[in-house]
Amino acid sequence: MISRRKLLLGLGSMAALGVGGTTWRAIDQGVFSTGSGAAYAAWDEWNPPGDDVLHLVRAAVLAASAHNAQPWLFRLGPDRIELTPDLSRNLGAMDPLNREMQISVGCALENLTLAARHRGRTPEIRLRPDGATILLGRSTPETSPLFEAIPHRHTNRAAYDTRPVETQKLAELVDVPEVSLVWHDKAKFSDLTVRATEAIIADADQSRDDFSWYRGDWDDLQAAKDGITIDASGQSQMIRTMGKILPTSHDLNNDTWLESTRDTQLATAAAVGSLLVRDPFDPVQRMQTGRIWQRMHLWATTQGLAMQPINQIEERVDRERSANLKPDFTDAMSALVPAGTHAVFSFRIGYPTTTALASPRRRAEEVSRSSS
Ligand SMILES: Cc1cc2nc3c(=O)[nH]c(=O)nc-3n(C[C@H](O)[C@H](O)[C@H](O)COP(=O)(O)O)c2cc1C
C-alpha cells in the first residue's frame, strides 16, 4: 500500500509531465511491456524438448533467490553438474555471512533435481560446503506436480486473504533431520519483523546494499536481468504504473517497504513460520534449507496458495554478528524458536488476492560453462 499523500503527490507530478511526456516515459519504462523482453525470456524456454544437460539448468534458474541475485554457477558435463555459489553476487551488509546466498543455491538445486527426474536423469546429489555435485544417471522419467509448478511459482508480496491455511502438509516436505519448521505467534513475529525492517533502514550500509538491488529503470532491469522490480512488488497496477513513470527515491522506497511489510504483508498473513537448523553457519544445512523452501513454495503453488519469504530478522541477526553489534535481534529470535535450533529463513503464507508477477532471470547460457 502507498499512502494517500504519496499517491496525490505522484498524480500531481504526472500531470506536470503532461500527457505526451508521460506516455513516452511510460513506454520507455516498460509500463506496456510487463514480463517481456530479454530479462524474462528464461520463463518461456524453461522446458524445451531434447536431452541437453543445459535444459536442467533452464529449470534451475527459475528458482527463488535472495534479492533475485541468482548467485549460482553451473559447470556441465555429460553425466554431472557442479553447482557452486557465485560469490561475486553477494548482498554485502544484507547477507554478510552468505546465509541467503547458500539458501538460494539450495533453491536452484531443488528445481534442478525435479527437472532431472522429469527427464529420466536420476540425480545423485553430493552436498559440500562449497556447493553440490549432481551425478546424472539414467532411468524412467518421473514427473511431478512440483516440477510442473516451476514456471508458475512467484513470490507474492501483495495482501493475502486471511482465511486459515491447512499447514500440516508443509511440515511433511521437510525431509532431513537437520532442518525443521516452526509456526510463530503472528503478533510477536510481526513486531520483531517491523523492528528489524526499521533497523535495516536506519543502518546506512545495509540500506545501501538493499537498495542497490532495486531495478527501477526498465533498461537497467533488461540489461541486468536480476534484482527486485516494481512489477514484483505486489502493488496495484495503478501504483506500479506510477512507480515506473516517476523516479523512485531511496527514502520513498524505504517508506513503502516498511508500510507494506507492516500493513499489508504481516497484517494479512494467514500464518508466519521459519525454517530452523541446528548449525546456522553450516553451508550444507543452509543449502538443505533452500531445497526445502523451494519445494514448499512449489507445493503451495500447486494448491493455489501464496507465499513470501520475510527475512529482515535473520538479516539483522547476521549483521549483529558480523559488525559486532549488541545481539538484540539474535536474542529476540532465539526466544521465538525451540532451544538448540536457529532460524535461517522466515516466511508468510495465505490465499492470494492477486496473481504475483514474474521476476527477471539470467538465462541458463549466462550462468553455465562446459566442464570439458
Ligand atoms: C534466501 C532468500 C531470502 C529471501 N528474502 C526475502 C525477503 O526478505 N523479502 C521478500 O519479499 N522476498 C524475499 N525473498 C524472495 C526473493 O526476493 C525472490 O525469490 C526473488 O526476487 C525472485 O522472485 P521469484 O521468487 O518471484 O521468482 C527471498 C528469497 C530467498 C531465496
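How many helices and how many strands are there in the chain? The chain holds 14 helices and twelve strands; helices (H or I, at least four residues) and strands (E, at least two) are DSSP runs, numbered from the N terminus.

**View 1. The whole chain.** Let's begin with the overall picture. The radius of gyration, taken over C-alpha atoms, is 20 Å, close to the 21 Å that the globule rule (2.2 Å times the number of residues to the power 0.38) gives for 372 residues, so the chain is as compact as a globular protein of that length. Along its principal axes, the C-alpha trace spans about 65 × 50 × 40 Å. Of the 372 residues, 55% are buried, where buried means under 20% relative accessible area, exposed over 50%, and partly exposed in between (1.4 Å probe, protein chains only). Please keep in mind that this is a predicted model, in which local features need pLDDT of at least 70, side-chain atom pairs count only at pLDDT 80 or more, and totals for chains, interfaces and linings use all residues. Residues are numbered from 1 along each chain as its sequence is written, and side-chain values use heavy atoms, with hydrogens and water left out.

**View 2. Which parts build the shell.**

**View 3. Polar side-chain atoms facing ligand oxygens.** A polar side-chain atom of Thr155 lies 2.6 Å from an oxygen atom of the ligand. For Arg153 this distance to a ligand oxygen is 2.8 Å, and for Ser359 it is 3.3 Å. Taken alone the ligand exposes 620 Å², and the protein buries 94% of that (Shrake-Rupley method, 1.4 Å probe).

**View 4. A look at Arg80.** Arg80 is found in strand 2 (residues 80–85). Arg80 is partly exposed, with a relative accessible area of 38%. The C-alpha atoms of Arg80 and Leu135 are separated by 4.4 Å, although these residues are 55 residues apart along the chain.

Key. Polar contact = N/O pair within 3.5 Å; in protein donor to acceptor, adjacent residues only side chain to side chain.
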